[in-house]
Amino acid sequence: MSIPDFARSLCDDAAVFPPGRTPLPEAVSAHARHVTSPYAELVGPLVLAAPALADLATLAVDGLELSVTAPQGPGQVPAVRTAAAELPVRVRALEVAVPPGQSPAEFFAALDRAGGPGDAVVFVEVPRDERRAEVIARCATAGYRAKFRTGGVRADLYPDEAELATAIRSVVEAGVPFKATAGLHHAVRNTDPGTGFEQHGYLNLLLATDAAVDFADDTEIAAVLAERDADKIAERVAKLDSARVTAARTRFLSFGTCSIAEPLTELVDLGLVPAAVLGEGGLP
């Protein structure tokens, strides 16, 4: 049995990032196992920060597919292009942050000049300030994709459900596909018992995107993001027909997770992914 359509390529492998912080050699080896496993259809590219490309030279990375982050902005992109050209890897995506204080016009001009490696798609990390609307509008015009941060190491890095609802509706209305990263440690909205942080659920995001596609308003989308009943969320996901899954997943492309095993196991426990994909030996 295969991974259901709603979950295909849903999980970008961000193992090297907090809180996992897996050492790069171990992350590369684990990723190679993931993409040859029975659940390979769940797994997207390995996510690395731009400086980490230099450390791949001594590792077995032939055919490795990457999404590379440029947290300092477009100025890092030429170095990514150069480094990737010297490695037997494919950079499938670039994730470029808008530096603090830089106007959208300045940012997109710099990004256009920088270009990118090969056929990599470009995600623009949308800032959580007054620039957001213009950044999304320019992404729509230029054909870039959006990236939203949904958490981090401090409570203030987590947008509440109202803010995230507005962001999701905005990109859906603008026709800009998006990914999410940070803080999505569980399928369903929850309060982290260790930190007390309010954490979004990645299945809530999927259903919120479905609601936005169906012309829900911000209040309705926020209510989906706030839902904490795992059985209700799982039931709603299971009832999505193929057309609705396609519509939602062409907008909500993926999320970054520092563990492939955790979302996979959780989806199996919720009855949304067949246990057979774990294989006879379980997770590698």
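1. Three residues of helix 4 (residues 132-142) are buried, namely Val135, Ile136 and Cys139. Here buried means under 20% relative accessible area, exposed means over 50%, and partly exposed lies in between, with a 1.4 Å probe and protein chains only. On the face turned away from the buried side, helix 4 carries the exposed residues Ala133 and Thr141.

2. The model is predicted: local features need pLDDT of at least 70, side-chain atom pairs count only at pLDDT 80 or more, and totals for chains, interfaces and linings use all residues. Residues are numbered from 1 along each chain as its sequence is written, and side-chain values use heavy atoms, with hydrogens and water left out. Helices (H or I, at least four residues) and strands (E, at least two) are DSSP runs, numbered from the N terminus.

3. The surroundings of helix 4 can be named. Its buried residues pack against helix 3 (104-114), strand 5 (121-125), strand 6 (145-149) and helix 5, where contact means heavy atoms within 4.5 Å. Just after helix 4, Gly143 has a positive phi of about 85°.

4. Helix 1 (residues 24-34) also has a buried side. Leu24, Ala27, Val28, Ala30, His31 and His34 are buried there. An α-helix has 3.6 residues a turn, so residues three or four places apart point the same way. The cover over the buried residues of helix 1 includes strand 1 (11-13), strand 2 (43-49) and strand 3 (64-70).

5. Helix 5 (residues 161-174) packs with helix 6 (residues 202-213) at an angle of about 50°, their axes being 9 Å apart. That makes helix 5 oblique to helix 6. Axes are lines fitted to C-alpha atoms, for helices over the stretch in contact, and angles run from 0 to 180 degrees between N-to-C directions. Angles under 35 degrees count as roughly parallel, over 145 as roughly antiparallel, 65 to 115 as roughly perpendicular and the rest as oblique. The crossing of helix 5 and helix 6 is right-handed; a crossing is right-handed if the near helix is turned clockwise from the far one by less than a right angle, and left-handed if anticlockwise.

6. In this pairing, Leu164, Ile168, Arg169 and Val172 of helix 5 meet Leu205, Ala208, Thr209, Ala212 and Val213 of helix 6. By class, the contact of helix 5 with helix 6 has seven nonpolar residues, one polar and one charged. Ala, Val, Leu, Ile, Met, Phe, Trp, Tyr, Cys and Pro count as nonpolar, Asp, Glu, Lys and Arg as charged, and the others, Gly among them, as polar.

7. Helix 5 also packs with helix 7 (residues 218-226), at an angle of about 120° and with axes 8 Å apart. The two helices are therefore oblique to each other, and helix 5 passes helix 7 in a right-handed crossing. Helix 5 contributes Glu161, Ala162, Leu164, Ala165, Thr166, Ile168 and Arg169 to the contact, and helix 7 contributes Asp218, Ile221, Ala222, Leu225 and Ala226. The classes in this contact of helix 5 with helix 7 are eight nonpolar, one polar and three charged residues.

8. Helix 6 and helix 7 pack at an angle of about 160°, with their axes 8 Å apart, and are therefore roughly antiparallel to each other. Asn204, Leu205, Leu207, Ala208, Ala211 and Ala212 of helix 6 meet Ile221, Val224, Leu225 and Ala226 of helix 7. This contact of helix 6 with helix 7 has nine nonpolar residues, one polar and no charged ones.

9. Some backbone features lie in loops. Between helix 6 and helix 7 lies Phe215, whose phi is near 70°, a positive value in a residue other than glycine. At 76% relative accessibility, Phe215 counts as exposed. Ala182, also not a glycine, has a positive phi of about 80° and is found between strand 7 (178-181) and strand 8 (190-191). The peptide bond from Pro18 to Pro19 is cis, with omega near 0°, and Pro19 is placed in the loop between strand 1 and helix 1.
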